[in-house]
Every structure is written in structure tokens, then in C-alpha cells.
Amino acid sequence: AYVNWYDAIRFANWLNNGQGNGSTEVGAYTLGLLDQDAKPLNPQAVTRNPGAQVFLPSENEWYKAAYHDKNAGLAASYFDFPTGTNAVPGIDITESTSPGNNANYYNNSGAIGSPHYRTVIGEFELSDSPYGTFDQGGNVQEWTETKLGRLSLVMRGGAFDNGYIRLHA
């Protein structure tokens with residue numbers, strides 16, 4: 001929450017470089033010339049470097065991890081929701097109702113209330129994606145490294161204050 005795209009790629013750089021005193025300006029990505037707000041002068045020029053080990057997923061990588069039926073192999077078989085189902089997820093943190101198909105999104109209320117609204121990472125431990133990723137639907141939107149046009153960056157997954165439609169493939 002409250003992380004912009006530049007923060008996310010800098011964090012990826014830091015992780016890619018082994019943390020500690022690792023650089024945040026080069027690593028998985030090379031930021032180059034920055035403006036007065038510490039943002040690259042040309043975001044379109046920021047691309048994943050060869051050999052990057054930790055990085056933001058492309059939109060296609062994110063989408064596959066969230067929705068692709070991995071048992072279908074190379075077939076284009078996708079689930080409607082990032083919980084590996086075609087049914088609208090519930091919002092039950094205990095996962096006692098609809099185990100394996102729950103997420104943190106707004107459905108007349110949220111899974112968790114004020115003041116935090118967001119769940120801890122992996123809260124819905126039974127509701128992972130077909131590839132074993134957690135929280136790709138709801139909680140907070142996730143940055144991808146994909147850019148649309150000159151200044152638009154792609155976020156996926158919906159959030160705690162969005163309806164279920166934002167979780168839908």
C-alpha cells in the first residue's frame with residue numbers, strides 16, 4: 001500500500017543486489033537519468049536487465065500466475081479468478097466457508113475492517129493461485145513492469161476496496 005511503481009522497481013533492484021548496501025538504482029532495472037522527484041526522465045526506457053533474478057512481473061507473467069490452469073499444460077485454459085476457480089470468491093478469513101476460494105475485496109463489507117482493511121500476506125492460505133501464489137486477488141493492487149503508452153503503468157488484482165469484478169480475469 002502507498003508504493004508507487006518507482007518504489008517497487010527500486011525495491012526489486014535492492015533485493016536483486018542482495019539487500020544490505022545494494023544499489024536501488026541499478027540491478028534488475030537501470031533507472032538512468034532522474035527528474036526532481038527521483039523518477040526516471042523516460043519511464044519507457046526502464047526495462048528488465050538480462051540476468052535479473054528479482055523483478056516485477058510483466059502483465060503476461062502476472063496473468064499466467066494468477067489465472068492459468070497449470071494442469072492444462074500449453075493449452076490456453078484459464079480460471080475466472082486467481083484462486084483457481086470460476087466461482088466468485090468469498091471473503092471469509094477463516095476459510096471455513098468456501099475453503100480455497102476467498103480473497104480480501106469489498107462485498108458489502110471487507111474481509112477485515114478499519115483501521116487496516118488489508119490482510120497479512122498469505123492470509124488466505126487455502127486460496128492460492130494455480131501456481132501457488134497468494135493474494136493476487138484483492139488486498140492491494142499489484143504493479144507489473146508493463147507500460148501502456150507513454151506514462152501509464154499496469155496494475156492488476158483489485159484491492160480491499162474494490163468489488164469482485166476487479167479480481168475477474
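Me: What makes residues such as T119 and F134 part of the lining of the second largest pocket, and what volume does this pocket have?
Reply: The second largest pocket has a volume of about 230 Å³ (the space filled by probe spheres set on grid points that are joined across faces, edges and corners). A pocket is an open set of points on a 1 Å grid over the protein atoms alone, with protein on both sides within 12 Å along at least five of seven lines, and a lining residue has an atom within 4 Å of a point. T119, I121, F134, D135, G138, N139, V140 and E142 line this pocket. The model is a predicted one, in which local features need pLDDT of at least 70 and side-chain atom pairs count only at pLDDT 80 or more, while totals for chains, interfaces and linings use all residues. Residues are numbered from 1 along each chain as its sequence is written, and side-chain values use heavy atoms, with hydrogens and water left out.

Me: Which residues lie nearest the centre of the largest pocket?
Reply: L56, V140, Q141, E142 and W143 do, out of 29 lining residues, and the volume of the largest pocket is about 800 Å³.

Me: What sets a cavity apart from a pocket, and how many cavities are counted here?
Reply: In a cavity a 1.4 Å probe fits but cannot get out, and the count comes to one cavity of 30 Å³ or more. The largest cavity has a volume of about 80 Å³, and N102, S127, D135, Q136 and G137 are the closest to its centre among the 13 residues that line it.

Me: Why is R10 with E25 called a salt bridge?
Reply: The term asks for a side-chain nitrogen of Lys or Arg within 4 Å of a carboxyl oxygen of Asp or Glu, and the closest N and O atoms of R10 and E25 are 2.9 Å apart, so the pair qualifies.

Me: Why do R10 and E25 fall into their accessibility classes?
Reply: Buried means under 20% relative accessible area, exposed over 50%, and partly exposed in between (1.4 Å probe, protein chains only). R10 has 14% and therefore counts as buried, whereas E25, at 28%, counts as partly exposed.
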